[in-house]
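The following note sets out numbered points on the model shown below. Please read each point against the coordinates.

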Amino acid sequence: MDGLPRPPAATTPPLRDLTRTTCPYCGVGCGVLAGPDGTVVGDPDHPANFGRLCSKGTALGETIALPGRPLHPEVRGKRASWDAALDAVAEGFRRTLNESGPDSVGLYVSGQLLTEDYYAANKFAKGFLGTANIDSNSRLCMSSAVAAHQRAFGEDVVPGVYEDLETADLLVLVGSNLAWCHPVLFQRVAVAKAVRPSMRVVVVDPRRTATCEGADLHLPLRPGSDVALFGALLAHLHAEGRADRAWVSEHTRGLEAALEAAHAIAPHAAELTGVDPADLATFFRWFAATRRTVTLWSQGVNQSEAATDKANAILNCHLLTGRIGKPGAGPFSVTGQPNAMGGREVGALATMLAGHLDWERPGETELVRGHWRASTIAAGPGLKAVELFRALSAGRIGAFWVMATNPAVSMPDGSSVRDALRRAPFLVVSDCMAKTDTAEFAHVRLPAVGWAEKDGTVTNSERVITRQRAFLPPSGEARPDWWIVAQVAARLGWGDAFAWSGPAAIFREHAALTGLGNDGRRAFDISGLAGTTDAEYAAMPPARWPRPAKGSTVAAERFFAAGGFTAARARFVPTPWRGEGAAAGGDGTLTLLTGRLRDQWHTMTRTGGVPRLMAHAPEPVLAVHPEDTRGIADGALARIAGPHGGAVLRLRHDTGQRRGTAFAPMHWTAQNAPTARVNTTVPPAVDPISGQPALKSARVALSAYEPEWHGFLLARRDLGPTLAPYCATGLAGHGVWRHELAGTEEPEQAFARLIASVGAPGAAWARLEDPASGLHRGVLLEAGRPIAALFLGPHHRLPPRDWLAALITPEADGAVPPIVALLAGRAADGPSPSPTLCVCNGVTQARIRTAVEAGARDVAAVGERTRAGTGCGSCRPEIAALLAAAIEQEAVPA
Ligand code: SF4
């Protein structure tokens with residue numbers, strides 16, 4: 001037994017009554033079975049997850065009734081009918097088009113959209129507005145992988161399938177914290193390695209992340225130096241005679257130029273990457289000797305100024321060795337968003353047309369125009385995300401529509417993007433959440449359906465198209481995104497081309513488009529699904545593309561093992577070293593790596609509403625190596641500043657952080673932690689080929705943030721993020737909000753002001769105040785029970801919050817501790833609270849340490865004693881890390 005969590009049995013009776021749909025969070029695309037009562041379990045029959053779910057997926061049922069949904073349209077802040085709101089949108093776009101032409105309008109869409117929504121938006125923009133100024137937040141996620149695939153293969157194709165990650169003998173994870181960002185894939189890999197320990201896993205990442213637990217080798221390379229690593233690897237593979245000469249000769253071109261660039265890099269690889277030469281040699285030896293090798297990469301590669309070259313450097317190594325499209329062998333880009341792949345398929349990026357047809361290939365633009373019955377069509381690529389917001393800022397975009405995304409938080413140079421949105425002449429936001437940093441500036445707000453209400457398809461990272469099915473009616477007056485687009489199009493006079501009866505009709509039109517002029521020339525072909533009836537669509541099982549129409553020559557599970565590239569021959573792309581990241585840290589600054597937390601998704605609009613998902617990381621934290629902390633204590637507040645802005649976060653000393661780097665999560669917004677919006681520090685630098693922002697290479701200066709007082713306030717309502725100059729809010733339990741605070745006014749003044757903000761009729765504060773030491777504590781009691789607590793002190797070392805939060809929750813029962821204990825912030829005889837590590841079973845780090853002290857020696861044994869890691873399994877790498885640290889500690893002689 002490997003001790004890993006098991007999916008539910010397929011025969012569990014209640015599962016039959018649930019709706020078969022898809023998790024909306026990440027590109028793994030797990031199938032789920034969901035019901036209106038909030039039941040959510042993994043779909044045992046889905047090929048992505050076979051019943052598994054991670055912590056986020058497991059908690060989906062707790063998000064379906066979250067408050068904060070927009071229930072009706074609004075025009076200029078006032079409730080409006082759908083007719084009035086749609087008329088206003090149509091008029092705003094018509095006026096701008098008439099005055100300034102097609103390129104004066106733009107759309108910014110999202111990998112959260114379903115493929116049918118995406119298709120409608122792209123057709124509307126490129127085919128009818130006549131502009132390719134439609135870009136997706138997928139530009140921030142994987143557009144560099146798209147560009148690399150197009151350069152190497154002639155088409156954006158992921159050649160492999162998830163099973164390859166399990167059957168590989170060597171799995172190389174590059175710039176991917178798989179354990180946190182694609183947890184179910186990580187679990188699949190963990191099971192495969194437990195069953196077959198000879199399988200090797202190498203992690204290439206500047207940080208020692210949870211993904212490194214159980215890996216055979218970690219290469220903590222200098223940020224940005226992946227081109228040097230894989231260039232040197234290419235030279236090594238060639239020198240060692242590992243080229244598949246016959247395959248390369250028959251199916252590729254450009255090897256000599258790529259080798260020339262690689263040979264220039266190779267002698268300097270250790271110096272450029274900063275990796276121990278012995279570890280480099282080990283990696284090169286393993287890669288050279290292992291035919292079944294998969295190289296998986298994600299945002300650590302994609303979000304940089306040399307991103308497309310990095311991806312092509314990886315592809316070059318697989319092309320040289322012919323390790324592509326074979327079981328257990330191939331390059332594998334994974335997407336961050338649930339339907340980033342669907343967006344690529346319909347062409348909802350400014351640089352793509354539709355259905356993998358291309359402006360560059362003769363006749364294809366006309367094929368698309370004819371299929372759409374459009375009188376016009378964009379003649380070439382439009383503005384990519386950063387360019388689009390620059391155009392908005394410069395006043396060149398007059399009407400702008402943001403769908404299902406929050407660019408005020410997620411874009412680099414966040415303050416400028418907010419300004420651009422604020423000054424937009426006409427801004428439409430359609431979203432399933434009412435209050436976002438972006439919606440704040442909208443002239444028209446349109447309520448879109450949310451996850452449980454959506455009907456359509458998504459495509460995951462292994463090309464599997466899965467139905468997302470509604471199992472709840474729309475909230476209020478919310479409508480599907482495709483319907484909203486179609487209604488606006490109709491008001492602009494294009495109703496005939498958008499007269500779909502439902503998502504099935506859109507899917508058929510999209511599928512048919514992929515077969516136009518294809519005959520096996522393009523890999524992406526689902527024209528075999530163009531005849532799907534409404535009933536078949538309703539029942540459609542997961543389907544991996546290609547799905548060509550009968551008679552087509554394309555039919556493959558994997559691509560390119562025997563050539564067949566869209567560009568006839570695959571191309572080796574020379575990837576010379578251009579010096580990215582070479583000087584990182586040399587000027588005293590740190591390289592800021594931004595990324596995701598295990599239990600949060602994007603801007604926390606959904607995951608932030610689930611108390612147990614907030615328990616793992618309740619406050620925005622900056623991780624820095626202890627030797628880079630400029631003397632700032634662990635747990636103190638720190639400021640990071642770059643040329644474009646600054647942020648304040650809680651500092652954590654982290655020996656897993658590479659020297660010269662810092663890590664901060666990208667989830668926090670003006671709605672919950674205004675000073676922790678880290679993208680305000682990130683400049684709008686982009687990869688020159690893909691236009692993907694370099695979100696992991698900002699240079700920031702670190703300094704102490706030294707307020708007059710620190711504090712926290714626990715209350716039964718969210719008092720907002722502006723209680724103090726530093727304020728981070730979030731759920732601390734059911735019905736309890738935690739506000740982490742720090743301020744510059746006199747502590748007495750702050751205490752009185754904050755106490756006044758919480759009062760409740762009939763409740764009274766019990767206080768403990770010592771102005772001489774700066775200590776101010778209060779507990780608000782109502783009928784003898786605590787309903788709020790406010791603690792202020794001169795430094796950041798304040799009592800843990802969990803014990804008080806548990807007493808304040810409206811569900812609390814049992815005896816109330818004495819006032820003296822409440823004001824001390826802990827029970828006189830109880831254990832100190834400890835951070836929650838396993839959110840499924842509410843197991844703290846302290847309990848896990850106790851289990852280790854009592855003799856647990858592996859993750860399974862910890863699970864048997866505490867239940868930690870026996871739920872979704874997402875915390876298992878961290879349990880392994882705790883175990884390793886505890887065992888190492890025991891080994892140190894007293
Ligand atoms: Fe959802 Fe987790 Fe699966 Fe991603 S890995 S699709 S977040 S359950």
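1. Two strands are taken to pair if DSSP finds at least two bridges between them. Helices (H or I, at least four residues) and strands (E, at least two) are DSSP runs, numbered from the N terminus. Under these terms L590 has V700 as its bridge partner in β26. Strand β21 (residues 590-595) and strand β26 (residues 698-704) are antiparallel, with 3 bridges between them.

2. As to provenance, this is a predicted model, in which local features need pLDDT of at least 70, side-chain atom pairs count only at pLDDT 80 or more, and totals for chains, interfaces and linings use all residues. Residues are numbered from 1 along each chain as its sequence is written, and side-chain values use heavy atoms, with hydrogens and water left out.

3. Strand β26 also pairs with strand β23 (residues 637-642), through 4 bridges and in the antiparallel sense. Here R639 has S703 of β26 as its bridge partner.

4. An open sheet with parallel pairing is made of 5 strands in the order β10-β9-β8-β12-β13. β10 (217-219) and β13 are at the edges with a single partner strand each, so one side of each has no neighbour in the sheet. From one strand to the next the twist averages 15°; axes are lines fitted to C-alpha atoms, for helices over the stretch in contact, and angles run from 0 to 180 degrees between N-to-C directions. Strand β9 (residues 200-204) is joined to β10 by 3 bridges, and V202 has L217 as its bridge partner in β10.

5. Helix α12 (residues 277-289) lies across β8 (170-174), β9, β10 and β12 (293-297), and runs at about 120° to β10. What does F230 touch, leaving aside its neighbours within four places in sequence? With contact meaning heavy atoms within 4.5 Å, the list is V174, F283, T295, A313, I314 and C317.

6. The largest nonpolar core has 66 residues, of which L229, F230 and F283 touch the most other members. Such a core is a set of buried Ala, Val, Leu, Ile, Met, Phe, Trp, Tyr and Cys residues joined through side-chain atoms within 4.5 Å. Buried means under 20% relative accessible area, exposed over 50% and partly exposed in between (1.4 Å probe, protein chains only). Another core, of 55 residues, lies apart from it and includes F93, W401, A497 and L513.

7. The whole structure holds 29 aromatic pairs. Rings of Phe, Tyr and Trp (its six-membered ring) pair if their centres lie within 6.5 Å; planes under 30 degrees apart count as stacked, over 60 as edge-to-face and the rest as tilted. Y162 and F332 are stacked, at 6.0 Å centre to centre with 25° between the planes. Because Y162 lies in the loop between α4 (143-153) and α5 (163-167) and F332 in strand β13 (residues 330-333), the pair ties together parts that are 170 residues apart in sequence. Both Y162 and F332 are buried.

8. Ring pairs also link a cluster made up of F93, Y119, F124, F128, W372, W401, F426, W494, F498 and W500.

9. R207 lies over the face of F663, 3.6 Å from the ring centre, while the charged end of R467 sits over the ring of Y537 at 4.1 Å from its centre.

Definitions and conventions. Lys NZ or Arg CZ within 6 Å of the ring centre and 35° of its normal.
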